[in-house]
Amino acid sequence: MQPAQAIDWSYAPAPETFPVEIQAEHGLFIGGRFVDPRSRKHFETENPATERRLSKVAEAGKADVDAAVKAATKAFKTWSRTRPAERAGYLFRIARRIQERARELAVLESMDNGKPIKETRDVDVPLVAQHFFHHAGWCDKLQYAVPGIEPRPIGVCAQVIPWNFPLLMAAWKIAPALACGNTVVLKPAETTPLTALRLAEILQEVDLPPGVVNIVTGAGETGRMLVEHPGVQKVAFTGSTEVGKRIAKACAGTDKRLTLELGGKSPNIIFADAPMDQAIEGIVNGIWFNQGQVCCAGSRLLVEESVVDEVIGRLTHRMRSLRVGDPLDKNTDVGAINSREQLERVNRYIECGVREGADRIVCFDGALPDAGHFIAPTLFRGVQPAHTIAREEIFGPVLTVLTFRTPDEAIARANDTNYGLSAGIWTSRASKAYEVAAGVKAGVVWLNTFNQFDATSPFGGFKESGFGREGGRAGLAAYLA
Amino acid sequence: MPATVTKTWKLFIGGAFPRTESGRTIKAVAGGTVHHLCKASRKDLRDAVESARAAQVKWAASTAYLRGQVLHRLAEMMQARHGEFVDAIRATARITPRKARDEVDAAIEHVVCFAGWTDKIAIVLGSQNPVAGPFYTFSGIEPTGVVAVLAPDASPLLGALALACPALAAGNAVVLVASERHPIPALVLAEAFATSDLPGGVCNVLTGDHGELAPAMAGHRDIDAIVAAASGKRATALKEGVAENMKRVQVVDPDSDFTDARWRSPAVFRGVTECKTVWMPAMA
C-alpha cells in the first residue's frame with residue numbers, strides 16, 4: 001500500500017472581480033441632485049477588510065438637513081397626490097434597475113461593509129429588489145392593507161439606518177414609505193454610505209420626482225438633527241436600543257409617529273429531538289451570518305442538557321471548516337467586522353466573557369488576514385445566565401451556550417432578557433415547536449430554520465427590541481396616518 | 001324610618017376591593033352626599049400592576065371563545081346595573097338623564113361588540129405570508145401584556161371602556177385609572193367586573209390624580225403599554241415612558257367622540273397587540 005499522501009484541502013482564491021468604480025468624493029442627494037454639503041465637511045469611508053479608503057463622503061450639517069427636509073416637504077405635495085398606479089410604476093422600475101445592477105451593488109456593499117460577497121449577492125441585494133417590487137404592488141391596494149383605517153400618507157419621514165445591512169435597510173425604509181405616498185429623508189450609517197448613494201443614482205435613472213427621496217450622509221449628529229427636525233412627521237429608526245430610547249425621548253413632546261427596530265439577544269433553542277444536521281447549520285447561520293452583526297442573531301444558544309456535548313462537538317467540528325477572510329472571495333463564510341470601533345467592542349466582550357469565567361472556544365485553524373478587522377468565530381461554554389455575554393448584545397461573531405432541561409425551562413430562559421426580537425426552535429415534534437413558539441416573546445420565530453427574511457413577512461420586535469413591523473401589511477401600518 | 005347604608009368606595013385590585021394603602025381620599029360631592037374616594041398612590045399602582053402581571057398569562061392563554069363569553073357576561077352584569085350607572089354618571093357630571101342613559105346603553109353595546117371581537121382579531125389582523133422560498137410563514141396577533149389606561153373625563157364610562165376593551169379582548173391585563181373628574185362610574189364598573197367571570201387581576205380599577213399617576217405609569221418598567229386620554233405636558237410625560245422600557249404609548253384626545261365607529265374598528269388593537277411571525281420549512 002502506498003503511504004497516504006498529505007492532501008492540501010485549502011481552497012484556491014475565488015475573487016469576485018466585477019469592476020466597480022467608486023468616485024473619490026460623494027455629495028448629498030437632495031432634491032434629486034447630488035450637491036456639495038453646505039457644511040463643507042467630509043468624512044472618509046473605508047473598506048473594513050483592507051482598511052483602505054474607498055471615498056470621501058459629505059457630512060450633512062444643519063443647513064443641509066434643513067434643505068433635505070424642505071425638498072421632501074415640497075415633494076410631498078405632489079407625490080402624496082400622485083396616482084397610485086403611477087407611484088407603483090416608479091417603484092417597479094427601481095426594483096428592475098436594482099436587479100440589473102445587482103452585481104455592482106453586491107460588490108460595492110461587500111467593499112463598504114465587509115460582509116461576504118455570497119451574502120450580498122444571494123441575500124441582501126435580492127431582498128432589496130424584492131422589497132421594492134412587493135411594495136410597488138401595494139400602492140393601489142392600500143385600502144385593503146390595514147383594517148380599520150382610511151389610508152392616508154403621513155408626510156416627511158426621517159429614516160435613520162444602521163451599517164449591518166446598509167442597502168437592505170434603506171429598501172425596508174424607503175419602499176413602504178413611498179408606496180404609502182410619503183416622502184423621505186434617509187440618513188445612512190457613517191461607515192456604510194456608498195450603496196445608499198448608488199441607490200440615489202438609480203432613483204435618478206428612473207426619473208423619480210426630485211425630493212421624494214433625499215439622502216443625507218453623516219454620523220450621529222446628522223441623525224439627531226434629522227429626527228429632531230420640526231418639519232418631519234414620522235421617524236423610523238433601526239439601530240441600538242440605547243439610541244432608540246434617546247430618539248423616543250426626543251419625540252415625546254411632538255406629534256411625530258415613531259417606529260423603532262432595535263437590539264436583540266435572541267435565543268436559538270436546540271431540543272434533544274432536533275434534526276441535528278440542520279440544527280448545526282442553523283446555529284452557524286444564526287450567529288455567523290454577517291459576522292453576527294445582526295440585530296436578530298441567534299446569539300444565545302440554549303441546548304437541552306442531554307445533548308449539549310453532542311451539539312458542541314458537532315458545532316466545533318463545523319466551525320473548523322468556516323472560511324474567514326476576504327469578503328470578495330466567493331468561498332468566504334465570515335468576512336470583516338464593519339469598523340475598528342466595532343472590532344474593539346466585540347473584543348472587549350470576549351475579554352469580559354473570559355474574565356467572568358466562561359470557557360472560550362475558538363476552532364479556527366487558519367490565519368486571519370494581516371490587514372482589516374477580523375475576528376474568528378467564537379463560542380463560549382460554561383456561561384451563566386447572569387454573565388454579561390449572556391445578557392448584552394455583542395453584535396459580533398460570539399455565541400454563548402446555555403442549557404435547559406424542560407420545554408418550560410427553555411421558554412423561561414429564552415424570555416429572560418429585556419429584548420424580544422427573534423427566536424429559533426429546533427425539534428422534530430410539531431406540537432413542541434408550536435408550544436414553545438407560542439411561549440417565547442419574540443416578533444419573529446424560526447422553527448427548524450433561522451435568519452430568513454422576506455418582503456411579505458413582517459419583521460420587528462417585542463419589548464425593548466422596539467415596536468412597529470417592517471414587511472407585509474403590518475409594515476405598511478407604520479407609514480399610513 | 002329605615003337607616004340608609006351608604007357605599008364605601010374603594011379601589012379594585014386583584015379581584016378584591018382594598019382601600020388605598022396611602023389612606024388619602026378625594027372628596028366628591030354628589031347630590032348632597034359627600035363621597036370619599038380613594039386617592040391611589042404609586043404603591044397602589046405597583047400593586048395593581050403586580051396583580052395584572054400575575055393574571056395576564058392565564059387570561060391570554062384562555063381561548064378566544066372563552067374571553068368572548070366572559071366579556072359578554074360583563075355586559076350582562078352592566079345591564080343589571082343600568083340604573084346605577086346612570087346615577088353614577090349624573091352624580092358628578094351635569095348631564096341630562098337622557099344623555100346619561102344613552103352613554104350607559106352605548107357602553108354596554110361597546111362591551112358586547114368586543115365580546116364578539118376576541119376570536120376575530122387574529123383573523124382580521126393576522127396573515128399568511130407568501131414568502132419567496134420553501135417556507136410556510138404566518139403572522140399571528142398576541143397581547144402586549146400589562147396595559148395601563150387613563151380614562152377620559154368626557155363620557156367617563158364609555159371612554160374608560162373604549163380604551164380598556166381592546167386590551168382586554170386581545171388578552172392583556174389592564175390597570176384602569178378612572179376619569180379624574182368623574183370617577184364614580186368606573187367604580188360601579190369595578191363591581192360589574194367583580195361579578196362577571198373576569199378573573200381577578202385581569203382588570204384593576206384605581207381612582208386618583210392623573211397628574212400624579214401618569215409619570216408613575218410612564219416610569220414603571222413592568223407596564224408594557226399605555227393607552228391614555230391625555231394632552232399637553234401630561235401626554236409628553238407619558239410618551240417619555242417609551243424611553244424607559246420601550247413600552248408602547250398611545251395618547252388619545254380626551255374629547256374624542258367615543259361613540260364613533262373607529263373605536264370599535266380593528267385599528268384599536270394596534271397599540272395593545274404584537275405581531276409574531278413564525279417560519280418553518282415547507283419540506284422538513
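Which strands of chain A each supply at least two residues of the lining of the largest cavity? Strand 9 and strand 10 (257-261) do, where strands (E, at least two residues) and helices (H or I, at least four) are DSSP runs numbered from the N terminus. Keep in mind that this is a predicted model, with local features needing pLDDT of at least 70, side-chain atom pairs counting only at pLDDT 80 or more, and totals for chains, interfaces and linings using all residues. Residues are numbered from 1 along each chain as written, chains are lettered from A and ligands numbered from 1 in the order written, and side-chain values use heavy atoms, without hydrogens and water.

**Cavities**

- Five cavities of 30 Å³ or more turn up; a cavity is a set of points, on a 1 Å grid over the protein atoms alone, where a 1.4 Å probe fits but cannot get out, and lining residues have an atom within 4 Å of a point.
- The largest cavity has a volume of about 70 Å³, a volume being the space filled by probe spheres set on the points, which are joined across faces, edges and corners.
- It has 13 lining residues, and K173(A), T259(A), L260(A), E261(A) and E470(A) are the closest to its centre.
- That lining splits into six nonpolar, three polar and four charged residues (Ala, Val, Leu, Ile, Met, Phe, Trp, Tyr, Cys and Pro are nonpolar, Asp, Glu, Lys and Arg charged, and the others, Gly among them, polar).

**Second largest pocket**

- This pocket (an open set with protein on both sides within 12 Å along at least five of seven lines) has a volume of about 1400 Å³.
- Its lining has 44 residues, with W163(A), F237(A), G239(A), S240(A) and V243(A) the closest to the centre.
- Helix 8 of chain A gives the largest share of this lining, six residues.
- Other elements of chain A that each supply at least two residues include strand 4 (42-47), helix 7 (220-227) and helix 11 (340-355).
- The pocket lies between domain 1 (25-262 + 464-479) and domain 2 (267-454) of chain A, because both give residues to its lining; the bounds come from an automatic or database domain assignment.

**Helix packing**

- Helix 2 (residues 84-100) and helix 4 (residues 117-136) of chain A pack at about 165° with axes 8 Å apart; axes are lines fitted to C-alpha atoms over the stretch in contact, and angles run from 0 to 180 degrees between N-to-C directions.
- That makes helix 2 of chain A roughly antiparallel to helix 4 of chain A (over 145 degrees; under 35 is roughly parallel, 65 to 115 roughly perpendicular and the rest oblique).
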